[in-house]
Amino acid sequence: LAAAEMPAEARRRMAVLADGLGRTRLMLDQLLALARSQQGGAGGAPAASAALQQTIRAVIEDLYPLAEQRAIDLGVVGADDARVALDALDLRMLVKNLIDNAIRYSPPGGRVDVAVRCGADGVELVVDDAGPGIPEGERERVFDAFYRVLGNGEASGSGLGLAIVKAVADKAGATVTLGPVPSSARGLRVAVAFPAAIPVGLPALR
């Protein structure tokens, strides 16, 4: 329909309709993802493991057009890697929602950094954005489905992204923390700490 000849006013209304359909599709996709992420008990034995860097790079490839549209400098910092106790689809959901949120809440021309940090106690996935951040008093509530922070200026969010992240993290026995980006006047850091890492190069758990 968008390719058809139409008056300017009809085309304007068509664009509004397309935006609404896009938001509806995103919310339906996220509702399905939330339902899937809540299947199984928290910290239960996983059916498989997945590599963080491979997942991050696949998600960045998917989200690059959105980052480019908003002139966001999106990239990976460091080369640490590990497998974590989640199947590939669950890990992809977690990573995609973190990076998608970071892009959408960063101002045009901002920066989003993704890092993997391996240590003796496990592995941490860190996503830093250049957005307005989240007030300390609301950092627990943002994990509730459909909760959105007022005044952040982001109209296309559904309030499901961090709820999905929390549900997936719970399945892996991981913890999610929110805080300011160090050495920055603004921005949000989301860190997901997995309790144990599986060295890259070993076969996935079965």
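**Terms set against values**

Biologist: What makes Ser183 count as exposed?

Modeller: Ser183 has a relative accessibility of 85%, and the word exposed is kept for values over 50%, with buried meaning under 20% and partly exposed in between, for a 1.4 Å probe and protein chains only. Ser183 therefore counts as exposed. The model is predicted, and local features need pLDDT of at least 70, side-chain atom pairs count only at pLDDT 80 or more, while totals for chains, interfaces and linings use all residues. Residues are numbered from 1 along each chain as its sequence is written, and side-chain values use heavy atoms, with hydrogens and water left out.

Biologist: Where is the place of Ser183, and what is its phi?

Modeller: Ser183 sits in the loop between strand E6 (175-180) and strand E7 (188-194), where helices (H or I, at least four residues) and strands (E, at least two) are DSSP runs numbered from the N terminus. Its phi is near 60 degrees, a positive value in a residue other than glycine. Most residues other than glycine have a negative phi. Ala71, in the loop between H2 and strand E2 (73-77), also has a positive phi, near 55 degrees.

Biologist: Why is Ser106 called buried, and what is it in contact with?

Modeller: Its relative accessible area is 1%, and Ser106 is therefore buried. Ser106 belongs to the loop between H3 and strand E4 (111-119). Apart from neighbours within four places in sequence, Ser106 is in contact with Arg70, Ile72, Arg111, Val112, Asp129, Ala130 and Gly131, contact meaning heavy atoms within 4.5 Å. A polar atom of the Ser106 side chain also lies 2.7 Å from the backbone oxygen of Ala102.

Biologist: What makes Gln53 buried?

Modeller: Gln53, found in helix H2, has a relative accessible area of 6%, and for that reason is buried. Once neighbours within four places in sequence are set aside, the residues in contact with Gln53 are Val76, Gly78, Ala79, Asp80, Asp81 and Val116.

Biologist: How do you know that H2 is oblique to H3?

Modeller: The axes of helix H2 (residues 52-69) and helix H3 (residues 88-105) come within 9 Å and cross at roughly 40 degrees. That makes H2 oblique to H3, because angles under 35 degrees count as roughly parallel, over 145 as roughly antiparallel, 65 to 115 as roughly perpendicular and the rest as oblique. The residues that make the contact include Leu52, Thr55 and Leu66 of H2 and Leu91, Val95 and Arg104 of H3. By class, the contact of H2 with H3 holds twelve nonpolar, one polar and five charged residues.

Biologist: At what angle do the axes of H3 and H4 cross, and which residues make the contact?

Modeller: The axes of H3 and helix H4 (residues 161-171) come within 9 Å and cross at roughly 145 degrees. Among the residues in contact are Met93, Leu94 and Leu98 of H3, with Leu162, Val165 and Val168 of H4.

Biologist: How many residues of H4 are buried?

Modeller: Nine of its eleven residues are buried, and H4 is mostly covered. The buried residues of H4 include Gly161, Ala163, Ala167 and Lys171. After H4 comes Gly173, whose phi is positive, near 70 degrees.

Terms used: Axes fitted to C-alpha atoms, helices over the stretch in contact; angles between N-to-C directions. Nonpolar A, V, L, I, M, F, W, Y, C, P; charged D, E, K, R; others polar. Polar contact = N/O pair within 3.5 Å; in protein donor to acceptor, adjacent residues only side chain to side chain.
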